[in-house]
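This briefing is meant to be read alongside the sequence and the three-dimensional view.

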Amino acid sequence: MDRKDETMNLEAIKAMLSDVPDGDEFDLDSIIAEVEGGTPAPSRHVPRSEPVTFRAAPEQPAPKAEPPKAAPQVHVPEPEVPKAAPVQAEAAPQTAPRTAPKKRAPRRGESEEEQIPDLTAFEEAEQDERAARIAVREAKAAARQEKAAAKAAARQAKREAKLAAKQAAEAEEEFDDIPDLPEEDISEEMASSKHAGRGVKMTRKEARAARIAAEQAEEEEEIQLRDPAQAQRAFKRRAQGLSARSIVVLILAIAAAYLSLAPSIEVLPIPVAIDVVENPTIGIGILLLLQFIALFVGIDVFGMGFYNLLHGMPDRASLVSFAILAALLHGASIIVFDNQSGVQIPYLAVSILLLYAAMREERGRFAARARAYQAICSAEQPAAIYSHYDAEDDACRAVKGPLHAEKAFLTEMERPDTVDRFSMIYVPVALAASIIFALLASVGRGEPVRFFWAFSAILSVSAPLGLICAFGASYKNVSRRLLASGAAIAGARQANLLRGTEEVVLTENDLFPSGSISLESLQNMGRLSDDKVLACAAALADAAGLELGRVLTDATRERYGVTLAARNVQEVEGGLTGDIGTSRVVLGTAALMVKMGIRIPSGQGEQVCSYLVVDNALAGVLTLRYQPTKHTYRAMRMMRRMHMNAVLAVRDFNISPAMVETEFDLRRGFADQPEPAGVTRLLDPNYSNGDAPAAILTREGAGAFVQVLRCADKLASAVRSALTLGAFAGVCGMLIVAYLVSQNAADALPVTNLLLYLLLWYIPVFIITQQTH
């Protein structure tokens with residue numbers, strides 16, 4: 001062959017041999033190596049079970065031309081094809097699975113450097129495919145993120161649209177009361193209100209405070225105040241009169257119960273002439289007479305029930321009044337209509353017992369209010385306790401402060417209480433349900449005369465004793481204890497407000513009242529005399545208005561020292577600074593001394609020490625004793641049982657949360673102390689301005705303060721439990737009695753069963769009421 005044959009096309013040879021059977025004895029690479037005149041590559045066998053894949057190889061630049069060399073001629077069975085320089089085909093077949101490329105045998109006349117493009121071609125192809133897969137995954141992830149962002153934006157737009165519509169409606173209601181305002185101004189105001197309210201979300205505590213303020217504003221329009229002294233005397237006389245008259249009603253109730261139960265109980269003797277079963281006319285007539293006497297004795301309670309109902313303020317006495325009226329009608333119907341179905345003995349004993357319970361409830365309520373007015377009259381300037389919502393800290397706090405308005409607490413005394421609000425919902429529902437059930441059990445069954453029995457039976461259980469006596473006895477017990485502590489609470493509603501607080505703001509006078517702080521020892525560092533050290537410390541503390549200043553001033557006078565005056569006194573974290581004469585004086589804790597770089601003596605242990613620095617030199621160490629009083633210690637332990645935390649609004653630098661927790665044996669985290677700016681805000685007299693006073697105090701100290709919170713918690717808990725049990729007993733009783741009456745089950749509804757039902761449900765309420773003593 002000539003030289004042109006040396007450059008024969010190897011790819012053409014591959015194409016010719018591609019249809020050769022793929023057997024173990026055939027190796028294309030070996031044939032190519034033999035054609036090129038090199039050493040045959042080791043044979044590579046491809047199992048028949050593995051698929052043969054083909055992949056296009058990337059284009060590569062042709063290798064550099066070399067000087068022609070003599071090459072041996074090779075004869076092939078096909079027509080001779082000239083040999084040329086190797087050129088990469090578009091689709092080079094592969095006979096093995098995709099793996100890392102093997103290093104081919106070097107061609108004749110090629111160096112190692114010239115083989116690098118062929119070796120890296122497969123690696124570049126692998127990298128390109130990997131990059132393509134990564135790009136596809138990133139594109140899919142980006143698409144998912146865009147889709148999620150679009151959904152979130154749609155939800156946010158929907159929420160903003162709803163919020164804007166709601167704010168627009170509120171703004172329209174707000175500007176409805178301003179008809180003289182031009183339309184342009186109205187639209188501007190509405191737009192500004194929308195912008196101001198957008199994104200503002202009220203917390204649960206803030207919403208509760210706003211709702212209470214709105215309710216109080218609505219009620220103040222109809223409240224008529226009383227003179228405290230006159231109200232105290234009037235309520236006291238009213239309570240005494242109800243107490244005496246209720247005893248008479250109780251005796252009448254016992255007599256009526258005896259006449260009603262004797263015919264069914266053989267042990268109880270009763271003359272035949274007055275036996276209700278044997279002689280119903282005389283027997284029922286006597287019961288009616290007892291009922292009329294009871295009504296005459298308790299006419300004020302009976303009439304007040306109808307009066308409140310007609311004036312749109314139904315209360316529990318309204319249910320009692322209707323139950324008495326229904327019992328009277330039932331007794332008269334038994335006498336008038338002979339041989340009617342139902343019980344033979346009317347429920348007059350039950351109605352008299354309900355009247356007695358209503359009178360005792362009123363007696364307890366008037367006695368408690370008389371004690372509250374007595375506490376108001378006993379102090380010229382009483383302090384008030386507020387349930388204040390702090391918007392900055394998002395916390396409901398019990399705060400003791402001055403009574404901002406003289407008539408504020410009197411207004412709270414006249415507000416509708418918790419039981420009044422409950423009665424305005426429960427009583428109309430119970431009356432309507434009693435009438436409907438009675439009509440269904442009588443007229444619906446074709447027996448209209450049965451209506452009197454059904455109406456009386458259902459109403460008798462609709463007003464359980466626990467519901468009637470849910471407030472008066474508990475309020476009376478609490479007011480007695482509070483009056484002994486020099487305090488008074490407005491009612492169950494205000495008690496519930498105080499019960500909802502989670503923090504109690506305490507000052508240094510609450511924690512350590514006068515006489516509980518004393519000076520134990522004085523360690524002089526030699527710069528000043530003892531009386532000068534005490535005088536300087538007393539001047540700073542007294543100028544800051546601390547109880548510690550009074551203690552140190554008394555100690556200075558006991559040593560016949562001269563009191564000094566301090567100027568430019570400032571409160572810093574952990575102490576006080578000021579000027580006395582020409583010297584700069586600092587009085588503070590050990591932590592302040594460390595910040596100032598003052599060396600202090602060791603060995604104080606757990607004692608409370610104050611360090612006096614004069615002109616940047618330690619002048620003395622004052623060892624103080626903060627002794628908790630018995631009442632304060634009990635008060636702090638009581639707060640722990642009530643799960644309330646203390647917020648220390650103290651300016652005495654020696655009093656810290658850790659010190660309070662150690663002195664009163666409290667858990668860690670019980671007390672918290674804000675920054676000096678926060679303490680100033682808590683001590684501001686206008687901090688609770690705008691809140692309604694829930695209780696008043698005539699004594700200082702944490703003992704009386706926490707006693708009010710404890711009594712408020714007991715009162716609110718007792719009233720809530722009694723109302724819940726009473727309402728449950730009333731609803732269940734009405735449903736059961738309505739069903740039995742509709743079935744004409746007279747044997748299941750005698751007077752005995754109804755009395756037992758009422759008394760059994762009153763037992764838990766009585767136990768709860770006793771816990772308020």
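This is a predicted model: local features need pLDDT of at least 70, side-chain atom pairs count only at pLDDT 80 or more; totals for chains, interfaces and linings use all residues.

- Strand S2, which covers residues 395-402, and strand S4, which covers residues 503-506, pair in the parallel sense over two bridges.
- These two strands belong to an open sheet of seven strands with mixed pairing, in which the order is S3-S13-S1-S2-S4-S11-S12.
- Strand S3 (487-489) and strand S12 (671-672) stand at the edges of the sheet, and because each has a single partner strand, one side of each is left without a neighbour in the sheet.

**The pairing of helices H12 and H24**

- Helix H12 (residues 418-442) and helix H24 (residues 702-742) have axes that come within 10 Å and cross at roughly 5°, and since angles under 35 degrees count as roughly parallel, H12 is roughly parallel to H24.
- On the H12 side, the contact is made by Thr418, Val419, Phe422, Tyr426, Ala430, Ser434, Phe437 and Ala441, while H24 contributes Val719, Leu723, Ala727, Gly730, Val731, Met734, Leu735, Ala738, Val741 and Ser742.
- Sorted by class, the residues in this contact of H12 with H24 comprise 14 nonpolar and four polar ones, with no charged residues.

**The second largest pocket**

- The second largest pocket has a volume of about 1,400 Å³, and its lining consists of 41 residues, of which Asn308, Met313, Arg365, Glu414 and Asp420 lie nearest the centre.
- Several helices each supply at least two residues of this lining, among them helix H5 (204-219), helix H6 (228-261), helix H9 (316-336) and H12, whereas H10 gives the most, with six residues.
- By class, the lining of the second largest pocket holds 18 nonpolar, five polar and 18 charged residues.

**The cavities**

- Rolling a probe the size of a water molecule over the atoms shows where empty space is left.
- The structure holds two cavities of 30 Å³ or more, and the second largest cavity contains about 30 Å³ of space.
- Glu508, Phe512, Ile517, Leu546, Glu547, Leu548, Asp652 and Ile655 line the second largest cavity, and by class this lining has five nonpolar and three charged residues, with no polar ones.

Notes:
Residues are numbered from 1 along each chain as its sequence is written. Side-chain values use heavy atoms; hydrogens and water are left out. Two strands pair if DSSP finds at least two bridges between them. Helices (H or I, at least four residues) and strands (E, at least two) are DSSP runs, numbered from the N terminus. Axes are lines fitted to C-alpha atoms, for helices over the stretch in contact, and angles run from 0 to 180 degrees between N-to-C directions. Angles under 35 degrees count as roughly parallel, over 145 as roughly antiparallel, 65 to 115 as roughly perpendicular and the rest as oblique. Contact means heavy atoms within 4.5 Å. Ala, Val, Leu, Ile, Met, Phe, Trp, Tyr, Cys and Pro count as nonpolar, Asp, Glu, Lys and Arg as charged, and the others, Gly among them, as polar. On a 1 Å grid over the protein atoms alone, a cavity is a set of points where a 1.4 Å probe fits but cannot get out, and a pocket is an open set with protein on both sides within 12 Å along at least five of seven lines; lining residues have an atom within 4 Å of a point. Grid points are joined across faces, edges and corners, and a volume is the space filled by probe spheres set on the points.
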